[in-house]
Amino acid sequence: YQESLFIDKLDSNEVESAFKQICHQFIRKLKEKHSKVLELELNCIMISNTRDSCRKYADKLNKENKRLCDRTTWAEQNMHNLENELQKLRSSIKSNLPTQPTSVLGSFRQLIASKSSS
């Protein structure tokens, strides 16, 4: 009974105005929420793109690092081989040196003599 008295006393223009106000507030809040959702979705896309770019760059760096490691290994192996060759050459030179100290001219003469006798 009390509700019917309350409803009877409401002005239809006031009800309509209150309803419109509630609808406008709801729509405004809905737009705000929708904007926030769109902003968050955009942030997610940007973060995802950044992550993908970082992964590609990391893959590129890993490949470059592997290439440099391979080149370093190759250079170390070649350096070791060259050191062995150098040691062999030094040994060969030492074994071919005359046991008696001679002058440069004497060594040259011996070299020419050995070449002409061959």
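Begin with the whole protein, coloured by pLDDT. The mean pLDDT is 86, and 86% of the residues reach 70 or more. Next, select residues 2-9, which make up helix H1; among the elements of the protein, H1 has the lowest mean pLDDT, at 57. Where pLDDT is low, the predicted coordinates should not be read in detail. Then move to helix H2, residues 12-96, which has the highest mean pLDDT of the elements, at 93.

Now display the surface of the entire protein. Its accessible surface amounts to about 11,600 Å², and carbon and sulfur atoms account for 61% of that area. How many of the 118 residues count as buried? The share is 0%.

Within helix H2, select Phe26. Is Phe26 buried or exposed? Phe26 is exposed, because its relative accessible area is 56% and the cut-off for exposed is over 50%.

The last stop concerns the cysteines Cys23 and Cys44. Select Cys23, which is partly exposed, with a relative accessible area of 28%. Select Cys44 next; this residue is exposed, with a relative accessible area of 51%. How many disulfides does the structure hold? The number is zero.

Note on methods:
Residues numbered from 1 in each chain as written. Predicted model: local features only at pLDDT ≥ 70, side-chain atom pairs only at ≥ 80, totals over all residues. Heavy atoms only, no water. Helix = DSSP H or I, 4+ residues; strand = E, 2+ residues; numbered from the N terminus. Buried < 20%, exposed > 50% of the residue type's maximum accessible area, 1.4 Å probe, protein only. pLDDT = per-residue confidence, 0-100. Areas by Shrake-Rupley, 256 points an atom, 1.4 Å probe, with all protein chains shown as cover. Disulfide = S-S within 2.5 Å.
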